[in-house]
Amino acid sequence: MFTTKWLKLFGIFSILALVLAACGGAPATTQPTAAPSQPTTAPAGGGKLEIFSWWTNGGEADGLNAMFDIYKQQNPNIDIVNATVAGGAGTNAKTVLKTRLQGGQPPDSWQVHAGKELTSYVDAGQMEPLTQFFKEQGFDKVMPPKLLEQITYNGEIWSVPVNIHRSNVLWYNIKIFQENGLTPPKTIDDFFTVAETLQAKGIIPLAVGGKDKFETPHLFESVLLAVFGPEDYAKLFQPGADWNDPRVRQAAEIARRMLEYSNSDRSSLGWADAAQLVLDGKAAMTIMGDWAHGYFISKGAKVGVDYGYAAAPGTEGVFMWLSDSFGLAKGAPNPAQAKAWLALCGSREGQDAFNPKKGSIPARTDADVSLYDEYLQYSIKAFGSEQLAPSVVHGAAAPEAYMTEYGNALNVFASDLDVDAVVEALQDAAKDLK
Ligand code: GAL
């Protein structure tokens, strides 16, 4: 079998590398200061592996389970503890994780966004560097440099990316659009024209959640991108960014108008509930990352038939990106088992099992594209050709402390729609940019 052969081959290479290193013939890329090598293939014995994530909804949970299935085949004697805490974007999970880490009870490996989010755990001394492991596995050769940058901090690599997601996607109900002679809105102005037509027909134009406390912040990052364009948007999250720029207010006004075209029960719905409203034909559109695609697939819906996709209004040609990755806890109770998990996360087999279900594209450049559907093949091309912008809500653009402040400001706004107040709160939050 491919897997077994791969593992054997890898074993031989690891031994060769060790022998070479022992003889002083290590390749120039080997860093003598890196942590000592640990076994990277399946640990011989049994034991336990605890994986912490917030993947509980259709699509994301299916992807995770697909990887667990492979792990169990490769390591039949290891029990996987699937420690999930429900709540999109990990708003709840991160709180639980923080308590565990502070209490010295880390899971072996946890889901963490590549980019600035990662740095908070590194700064707190809660993660092990993975530079040497990464090289041993050859992951540095098969992941794009722009992604490697996102997981490198203080000269070390800290996590293994499993995917790349797009945040700025407009999902829409094809039947509703056809029946009303509409095309997906390309610009913000188009959006309001379409929304007005739909509302006049008694259809909720935009489905928005709020229960998981990331949905309005998520909508707002797409609006910021539309208003500022990719270069100026990215500058908003650099230290010293100018949030007094009048375009911040303009974005807040747009977001307020958009929310006025949305369902009034926002605060009691999660992102998947909002996606379901679109699927059920109760709402026409939702702006959500492409984990919504994974959700739709899990419900048996067909892209291009039941639902369509377009760039969020005003963001065509820009791919707002983020990457889910897994790291190794400092003091992990089961480090060998965790390394076998990380090896799977970065492998082609693992990623090609996970991503087609998750609704994301592989972090590796050598994936088997034929396994990915129409939307994902489009997305793979778009990632390679469009301009990139980092998602703030999903950890790529700014550190955790800032994300929390930004999120709080937008969640208050989700219920009071007070433009003055949100602008002020965002200006205040900018002090946490590092
Ligand atoms: C994001 C994460 C995605 C998806 C989403 C909704 O932060 O990167 O993988 O899980 O939250 O839960």
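A crossing of two helices is left-handed if the near helix is turned anticlockwise from the far one by less than a right angle, and right-handed if clockwise. Helices here are DSSP runs of H or I with at least four residues, numbered from the N terminus. By that rule, α12 passes α13 in a right-handed crossing.

This is a predicted model, in which local features need pLDDT of at least 70 and side-chain atom pairs count only at pLDDT 80 or more, while totals for chains, interfaces and linings use all residues. Residues are numbered from 1 along each chain as its sequence is written, and side-chain values use heavy atoms, with hydrogens and water left out.

**Helices α12 and α13**

Helix α12 covers residues 271-279, and helix α13 covers residues 291-298. They pack at an angle of about 60 degrees, with their axes 10 Å apart. Axes are lines fitted to C-alpha atoms over the stretch in contact, and angles run from 0 to 180 degrees between N-to-C directions. α12 is therefore oblique to α13. Angles under 35 degrees count as roughly parallel, over 145 as roughly antiparallel, 65 to 115 as roughly perpendicular and the rest as oblique.

α12 brings Trp271, Ala272, Ala275, Gln276 and Leu279 to the contact (heavy atoms within 4.5 Å). α13 supplies Trp291, Ala292, Tyr295 and Phe296.

**Helices α11 and α18**

Helix α11 (residues 246-260) packs against helix α18 (residues 419-429) at about 135 degrees, and their axes lie 10 Å apart. This pair is therefore oblique as well. α11 passes α18 in a right-handed crossing. On the α11 side, the contact uses Val248, Arg249, Ala252, Glu253 and Arg256. On the α18 side, Val419, Asp420, Val422, Val423 and Leu426 take part.

**Around the ligand**

There are 13 residues around the ligand (a heavy atom within 4 Å). Glu60, His113, Asp324, Lys358 and His394 come nearest. The table lists polar contacts, meaning pairs of N or O atoms within 3.5 Å.

| Residue | Atom of the residue | Distance to a ligand oxygen atom |
|---|---|---|
| Ala89 | backbone N or O | 3.2 Å |
| His113 | side-chain N or O | 2.7 Å |
| His394 | polar side-chain atom | 2.7 Å |

Methods:
Helix = DSSP H or I, 4+ residues; strand = E, 2+ residues; numbered from the N terminus. Polar contact = N/O pair within 3.5 Å; in protein donor to acceptor, adjacent residues only side chain to side chain.
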